[in-house]
Amino acid sequence: MDTDTTQTPPQPPASPRATRGRTLVLVLTLMSAAWLLTAAGFFPPAGQKKGDALRLLGRLHPLMVHLPVTLVPLAVLFEALGVFKRFEHLKRAAGLVLGMAALTAVGAAVHGYLLASADGYEVTSLLKWHMWTGISVAILTMGCWTVRCFTPSRWWLGSLYVLLLTGTVGTLFVAAHFGGSLSHGEDYLTEFLPPSIRGRLGIQLHKKAGSPTAQAGETRPSGPPTVYFTIIAPALERHCVQCHGAVKIKGGLRLDSLDSLLKGGKTGAVVTPKDSAKSDLYRRITLKSDDEDYMPPDGKPSLPADVVKIIGWWIQDGASGQRMLDDLKSAPQDIQQAAIRLTAGK
Ligand code: HEC
C-alpha cells in the first residue's frame with residue numbers, strides 16, 4: 001500500500017497531559033486483560049456456591065451488561081456520523097462514550113465471572129462460550145479505546161481502530177446471544193418462529209427448561225392424557241428443573257423431558273423401569289427430607305406426597321410415556337385416589 005503522507009496533516013506533538021492520559025488507558029487495558037484472562041483461564045468457574053457478598057456482586061451482572069451493550073453501538077454510531085461535516089462534534093464525544101463502554105464492559109465481565117464462579121452455575125459449554133466471548137468483548141473494547149487514544153500519532157492506527165471496532169461489535173452480539181440463551185433458554189428467540197422458516201435456517205428446538213412450553217410443547221402427545229405429561233412432568237418442572245434443566249444440570253441429570261429422565265445422570269440411570277426400589281430418583285424423593293441425598297435439597301419445597309406415590313407406581317409399572325391416566329383405573333386404590341386429587345380441577 002502506498003502511504004500518501006500529504007493526506008495526513010502534520011500532527012502537533014501531544015501535550016504531556018494527553019500523553020499521561022493515554023498511557024493510563026494503556027495500563028488499564030493491560031491490567032484488565034491480565035486480570036480477566038488469569039481469572040477465567042486459571043481459576044475457571046467450578047459450579048460452586050461462595051459467600052453471600054460474592055453472589056450479590058455476581059448477580060449485578062445482568063444489570064451491568066446493559067451499559068456496554070448500549071454504549072458500544074452508541075460509540076460506533078457517533079464515529080460513523082462524525083464522518084459527516086454536520087455531525088463532526090459527535091466524533092469528539094465518541095471517545096468519551098467509548099471510554100465509558102470499555103470500563104463498563106470490564107465491570108460487566110468481572111461481575112459475570114463472579115456470577116458464574118460463586119452462584120452454583122453448572123459449567124456448561126454454553127456458559128463457557130458466554131464467558132469467553134464476554135471477556136473478549138471487554139478486552140476488545142479496552143483495545144479500541146487505547147488505539148483511539150494513540151491514533152493521532154500513527155497513521156495506520158486509524159485503520160486498526162476501524163477493524164477492532166467492527167470486531168468488537170460482532171463479538172458483542174455473539175456474547176449477548178449466548179447470554180440471552182443462558183438466561184432465557186436457547187429457544188427463547190426461535191421458539192415461535194414458523195416451523196418452515198426454522199427448518200430452512202437449520203434451527204432445532206432444544207425445548208429448554210424454564211420456557212413456559214418446555215413440557216407442554218412439542219412432545220406432548222395429542223391423544224388421551226398420559227400419566228407422565230399430566231402429573232409427573234409438571235411436578236418435575238416445578239420442583240426439579242431449576243437444577244436439572246438447561247441452565248443448571250446438577251449431577252449431569254436433566255429432568256425436563258422423558259428422554260433425559262430415562263437417560264439418567266452422571267452416575268447412570270436414575271430410573272429402573274419396573275423396579276422403583278432400584279431407582280435412584282425414587283430413592284431420593286422418598287428419603288427423610290434432612291438426608292443429604294434427599295431431592296430437592298436445601299430445604300426447597302418437596303414434591304407433594306401424592307406425586308411421589310404416582311411416580312413410584314409409574315416406575316414400577318414400567319416408566320412408560322404411553323401409560324394413560326385412564327389406565328390408573330386398574331391401579332391400587334390409594335394410587336387412584338392420589339391421581340384423582342392431583343387431577344381434580346385440571
Ligand atoms: C437446588 C437444586 C436441586 C433441585 C431443586 C433438585 N436437585 Fe437433584 N441434584 C442436585 C445436585 C447438586 C445433585 C448432585 C449431587 C448429588 O448427587 O446429591 C443432584 C443429583 C440428583 C440425582 C442423582 C443424579 C446422578 O446421576 O448422580 C437425582 C436422581 C436427582 N438429583 C433428582 C432430583 C429430583 C427428582 C428433583 C425434584 C424433586 C431434584 N433432583 C431437585 C440439585 C438439585
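User: What makes a run of residues a helix here, and which helix gives the largest share of the shell around the ligand?

Analyst: Helices are DSSP runs of H or I with at least four residues, strands are E runs of at least two, and both are numbered from the N terminus. By that rule helix α11 (residues 280-286) gives the largest share of the shell, four residues. This is a predicted model, in which local features need pLDDT of at least 70, side-chain atom pairs count only at pLDDT 80 or more, and totals for chains, interfaces and linings use all residues. Residues are numbered from 1 along each chain as its sequence is written.

User: How many helices and strands does the chain have?

Analyst: The chain has 13 helices and zero strands.

User: What makes a residue part of the ligand's surroundings, and how many are there?

Analyst: A residue is near a molecule if its C-beta atom, placed from the backbone, lies within 6 Å of it. On that basis 25 residues surround the ligand, and Cys-240, Cys-243, Lys-250, Gly-251 and Gly-265 are the closest.

User: Why are α5 and α6 called roughly antiparallel?

Analyst: Axes are lines fitted to C-alpha atoms, for helices over the stretch in contact, and angles run from 0 to 180 degrees between N-to-C directions. The axes of α5 (residues 88-118) and α6 (residues 125-150) come within 9 Å and cross at roughly 155°. Angles over 145 degrees count as roughly antiparallel, under 35 as roughly parallel, 65 to 115 as roughly perpendicular and the rest as oblique. The pair is therefore roughly antiparallel.

User: What counts as buried, and what percentage of the chain is buried?

Analyst: A buried residue has 20 or more other C-beta atoms within 10 Å of its own, an exposed one 12 or fewer, and a partly exposed one falls in between, with C-beta atoms placed from the backbone. Of the 346 residues in the chain, 37% are buried.
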